[in-house]
Amino acid sequence: MNTIKNISRRAFVKSIGLASSGLILACNTSVFSNKDATQNKNLTDFNPNLFVQLNSDGSLILIASRSEMGNGVRTSLTSVIADEMEADWSKVTVKQATGNAKYGDQNTDGSRSIRYLYETMRKMGATAKAMLISAAAKKWQVPESECIAENHFIIHTSGKKIGYGDLVEIAKTLETPTNLTLKSSKDFKYIGKNLRSIDAEDYVQGKAIFGLDKRLPNMKFAAIARCPVTFGTVKSFDKSEALKIAGVEAVIEIPRIEKAFGALGGVAVIASNTWAAFKGKEALKIEWDFGNNKSYDSKKYMAKITANVHKQGKVAKDVGAINSAFKNADKIVESTYQLPHLSHAPMEVPNAVAWVQGDSCEVWAPTQAPQTTRKEVIDYLQTSEEKVTINVTLLGGGFGRKSKPDYVVEAVMLSKKLNTPIQVVWTREDDIKHDYYHTVSAQYLKASLDKNGNVTGWLHRFALPSIVSTFSPRVDYAAGFEIASASNVPFDIKNMKIEVGKAPAMVRIGWLRSVINIPHGFSENVFADELAIAANKDPLEFRLNLIGKDRIEDTPNEIKYNTARLKNVLKIAAKNAEWGKPLPENHAYGLAVHYSFYSYVASIVEVSVIHKKVKVHNVFTAIDCGTVVNKDTVKAQMEGSAIFGMSLAFYGKITAKDGAIEQSNYNDYKMIRMHEIPKVHVEIIESSEKPTGVGEPGVPVIAPAIVNAIFKATGKRYHNLPLSDYGLV
């Protein structure tokens, strides 16, 4: 435990807004990867990553290093510290960390905050508790073994007790312990329980501060007109009409920055208020150079990549003898699936406030990646780390969009040029037309069945523009991690082949909640249902047999899975739904099960199809995410995943014509509404395994379960999304 230090005498604590009089603990190298630890050696020697500050009045400040966007992470991370520390939760205040290397990796995506930091948070709390016990023993002149910690007090076997705050002056003089004993899980007070979000009250009372709420004296507001075609540029513009609008103060062109998260460039309207900036943007007359992507037509593109999956591609996996399996099959089943681009469309649009003064800059932004943001700002300003501060506000949704700080760089560019604090605000139309889109994909699957209905061969061929294309524009095949998700199909089939087709990127491709698991989870689960029908077997029984015997698969990219846990969530979801029971006329169940972000999720969805319209009535979800930190958060994430997955299944579709995105707002890029939301029943599996992902694994199962249920209800199989294309919603 030499990675945790008492840093109460360090002068630098003032820079993070903490008083220097309390007991302050810092933890470092265990939250860095080896590479990062090397790069940040000087920082880890002298700067903390994560903090516990206990004040003499007993108040306790805990630092959350990850971004809060409805994921409950500010509550979950800090409650782990408080639990091990035996702290009174009512005395805890949570502060949000600024973007800084001393906090380790702060990127809040990939469903990994708890997965990465659980042990570190526990050790932080245990260290504080041990020091307080030591301080009490010293004060009372008794052995430490006669003292225990309980609810913000140290209690002696004689019955006397002393509050944490009264031990600060002694505790902060002590060295941090080198040997720690973590609590037994049976003694957890907060971990594994239902703990209300620390931000809940502010949310419902309108007190929560999001990026859009930030205000500074003399702050100006900016709206930016960007080329309708990705990577197009300005040829010329007329600003005369924009300048006639009351409140508009300036109109300037900003250049494109040619890097992954660089600003797209365009024409910025600066005004005294947001509305004037928006109206000024509308009044601009701009002639664009549409560039190389001006011919992008998503309908023709889909036809092209679909043709690519109907011919041999690059072989990514080849096990057994697939050709022999197909040759000797009793029955062959094959299907093609098409999924469109998707937009993140968070409720809070991208926005940022920047205030550049000389070679220093302070930013306030709803960002999932404060350190990446800081680096982008440093690169643009050509300044040093200590002169850039990134303040992380609450996020009104992120889903992966706000891990790309292009909108922050725009604010920095304008603030530097105009020498004033600037808030850049994207409109909803800006966001949907200039997103980092979830990949479009075509997938072809072919399988062989023997006379008993057993699957003997499995071919999966897919084509999709890779996320890597955002960083390396010439990449036109899926990357290794995108292939691994398909290669890791959890079915016990001896003959299996995975191939990848060519698919160059025409727009910016980004990661969206559940990422590559959306297309692979959809095609694999729908195709498995088609195989069950072809084998004339119950889909639940067929799926359990297809997963096969209990085993732990040791696969590339560390994406291992335990098939027993996968089958268990499926069995529990089916049990809770009472799979097989008679349902009302026109009602039916569909199922899907998927492993992602190291978690296991199954959903049984009940739909009705009446007058050719689909309604989802119930979603029964079971999740095994290892040790659960906050049941309330896990349940909320499963409920949110069901709603998110339904929106994608019903309405999610971004299209392009003549290079421009055709959708613009929630009227033509819809989310499901309140009256469409089903009852979501969640069972969380009790487990002592390491905690795994929660925010994303609930999404991939929803769309295929709905499609499978529709088939059961109607006999019609839908291979493509969204369902609105078929007039079903």
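The dialogue below goes from the whole chain to single residues.

Tutor: Please keep in mind that this is a predicted model.

Student: How many helices and strands are there in the chain?

Tutor: The chain contains 19 helices and 30 strands.

Student: What share of the residues of the chain counts as buried?

Tutor: Buried means under 20% relative accessible area. By that cut-off, 60% of the 729 residues are buried. The accessible surface of the chain is about 29200 Å², and carbon and sulfur atoms account for 49% of that surface.

Student: How many positive and negative side chains does the chain have, and where do the centres of the two sets lie?

Tutor: There are 91 positive and 76 negative side chains, and the centres of these two sets are 2 Å apart.

Student: Which residues does the UniProt domain annotation cover?

Tutor: An annotation comes from a record and is to be read as such. The unreviewed UniProt entry assigns residues 205-292 to "domain: Aldehyde oxidase/xanthine dehydrogenase a/b hammerhead". In the model, this span is 17% helix and 34% strand, and its end C-alpha atoms lie 48 Å apart.

Student: Which residues of helix α16 are buried?

Tutor: In α16, which runs over residues 539-547, seven of the nine residues are buried, so the helix is largely enclosed by the rest of the structure. The buried ones are Pro 539, Leu 540, Phe 542, Arg 543, Leu 544, Leu 546 and Ile 547. Their cover includes β21 (455-463), α15, α17 (563-577), β25 and α19.

Student: Where does His 520 lie, and what is it in contact with?

Tutor: His 520 is part of helix α15, residues 517-534. It counts as buried because its relative accessibility is 0%. Apart from neighbours within four places in sequence, His 520 contacts Gln 443, His 460, Phe 462, Glu 482, Ser 485 and Ala 486.

Student: Is Leu 395, by its relative accessibility, buried or exposed?

Tutor: Leu 395 sits in the loop between β18 (388-392) and α12 (406-418). With 2% relative accessibility, Leu 395 counts as buried. Beyond its neighbours within four places in sequence, its contacts include Ser 67, Met 69, Phe 210, Glu 348 and Lys 402.

Student: What does Tyr 477 touch?

Tutor: Tyr 477 belongs to the loop between β21 and α14 (480-487). At 24% relative accessibility, Tyr 477 counts as partly exposed. Not counting residues up to four places away in sequence, it touches Lys 314, Ser 466, Val 500, Gly 501 and Lys 502.

Student: How far apart are Ser 608 and Asn 586 in sequence and in space?

Tutor: Ser 608 and Asn 586 are 22 residues apart in sequence, while their C-alpha atoms are 5.4 Å apart. Ser 608 is located in strand β26 and counts as buried at 4% relative accessibility. Among the residues it touches are Asn 586, His 587 and Val 614.

Student: Which phi do Asn 151 and Phe 597 have?

Tutor: Here one reads the backbone angle together with the residue type. Asn 151 is not a glycine, yet its phi is positive, about 50°. It lies in the loop between β6 (147-150) and β7 (153-156), and at 33% relative accessibility it counts as partly exposed. Phe 597, also not a glycine, has a positive phi of about 50°. Its loop joins β25 (587-596) and β26 (599-610), and Phe 597 is buried at 17% relative accessible area.

Student: What is omega near for the peptide bond from Leu 721 to Pro 722?

Tutor: Omega is near 5° there, and the bond is cis. Pro 722 is in the segment after α19 (702-714).

Key: Residues numbered from 1 in each chain as written. Predicted model: local features only at pLDDT ≥ 70, side-chain atom pairs only at ≥ 80, totals over all residues. Heavy atoms only, no water. Helix = DSSP H or I, 4+ residues; strand = E, 2+ residues; numbered from the N terminus. Buried < 20%, exposed > 50% of the residue type's maximum accessible area, 1.4 Å probe, protein only. Areas by Shrake-Rupley, 256 points an atom, 1.4 Å probe, with all protein chains shown as cover. Lys, Arg positive; Asp, Glu negative; His and termini not counted. Charge placed at Lys NZ, Arg CZ, Asp CG, Glu CD. UniProt positions renumbered as here; feature names shortened; annotations may be inferred. Contact = heavy atoms within 4.5 Å.
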